[in-house]
Amino acid sequence: KREGCRHALVVRLDCGGRPLTVANTHLEVFTTTRCRARQTRFLLEHLLPGPAVVAGDLNTNTFNRGSSIYILQSIFRFFRRDFESRMLTPWLYEPLFQEFSDAGFWWEPFNDAVPTCSMDLSTLEDQKYVPEFIRNRILNRCRVIFLRLDFIVCRGLHALTPGRTITELSFQPSDHLPITCDLSMG
């Protein structure tokens with residue numbers, strides 16, 4: 001079974017005679033947490049050694065998606081007490097963060113815990129897998145969820161300022177808020 005794939009743009013920069021690898025990625029959302037971890041491992045295996053930044057939409061929603069069985073399993077998580085924690089601290093639930101850690105990458109202090117995306121549950125494509133009475137119960141409980149999906153993950157770099165989500169925008173440039181962090185190789 002194909003569990004989805006996405007792409008990454010990887011560049012090697014010369015920073016005053018010191019090489020820096022920068023990768024921008026967008027992991028698949030209609031798949032499992034294990035598949036996103038495999039996508040991350042694949043990306044990390046293809047990065048050169050040394051200082052590196054991986055940034056982008058990691059789709060760390062902490063749920064398995066893409067089939068009726070996955071969606072039904074995820075619905076049970078929706079009613080657990082740790083639901084909000086899952087949305088804002090996905091590094092505690094998504095195995096892709098262990099892949100980053102094993103490769104020497106870290107996400108703190110390059111990020112905050114502010115949501116980068118909101119999702120109206122009534123618009124999800126997955127609702128076709130959910131019986132109407134369950135769908136209505138979920139929507140009565142919570143129609144919009146706030147997710148931390150976007151990250152800056154670094155190896156061999158330091159944050160000059162804490163990473164942050166830019167929330168004070170005069171207009172919304174996409175369905176995700178931008179994130180930023182000033183970095184140093186020193």
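Colleague: Is N59 buried or exposed?

Modeller: Buried means under 20% relative accessible area, exposed over 50%, and partly exposed in between, with a 1.4 Å probe and protein chains only. N59 has a relative accessible area of 5%, so N59 is buried. This is a predicted model, in which local features need pLDDT of at least 70 and side-chain atom pairs count only at pLDDT 80 or more, while totals for chains, interfaces and linings use all residues. Residues are numbered from 1 along each chain as its sequence is written, and side-chain values use heavy atoms, with hydrogens and water left out.

Colleague: Where is the place of N59?

Modeller: Helices (H or I, at least four residues) and strands (E, at least two) are DSSP runs, numbered from the N terminus. N59 is in the loop between strand 3 (52-57) and helix 2. Its phi is positive, about 50°, although N59 is not a glycine.

Colleague: What is phi of T62 near, and where is T62 found?

Modeller: T62 is found in the loop between strand 3 and helix 2. Its phi is near 70°, a positive value in a residue other than glycine. T62 is buried, because its relative accessible area is 0%.

Colleague: Which peptide bond is cis?

Modeller: The bond from E108 to P109 is cis, with omega near 5°. P109 has its place in the loop between helix 4 (96-102) and strand 4 (117-120).

Colleague: Which residues does H176 touch?

Modeller: Contact means heavy atoms within 4.5 Å. Not counting residues up to four places away in sequence, H176 touches D57, T116, C117, L149 and D150. A polar contact is a pair of N or O atoms within 3.5 Å; within protein, one must be able to donate a hydrogen and the other to accept it, and residues adjacent in sequence count only if both atoms are side-chain atoms. The side chain of H176 makes such a contact with the side chain of D57, at 3.3 Å. H176 lies in the loop between strand 8 (164-165) and strand 9 (179-180), and H176 counts as buried because its relative accessibility is 13%.

Colleague: What does the side chain of T40 lie 2.9 Å from?

Modeller: A polar atom of that side chain lies 2.9 Å from the backbone oxygen of R36. T40 is in helix 1 (residues 33-45) and is buried, with a relative accessible area of 2%. Leaving out residues up to four places away in sequence, T40 touches L27, L96, E99 and F100.

Colleague: Which residues is I75 in contact with?

Modeller: Apart from neighbours within four places in sequence, I75 is in contact with V130, I134 and I138. I75 belongs to helix 2 (residues 68-78), and at 11% relative accessibility I75 counts as buried.

Colleague: How many helices and strands are there in the protein chain?

Modeller: The protein chain has five helices and ten strands. Buried residues make up 44% of its 186 residues. Among contacts between residues at least 6 apart in sequence, 74% join residues at least 24 apart.
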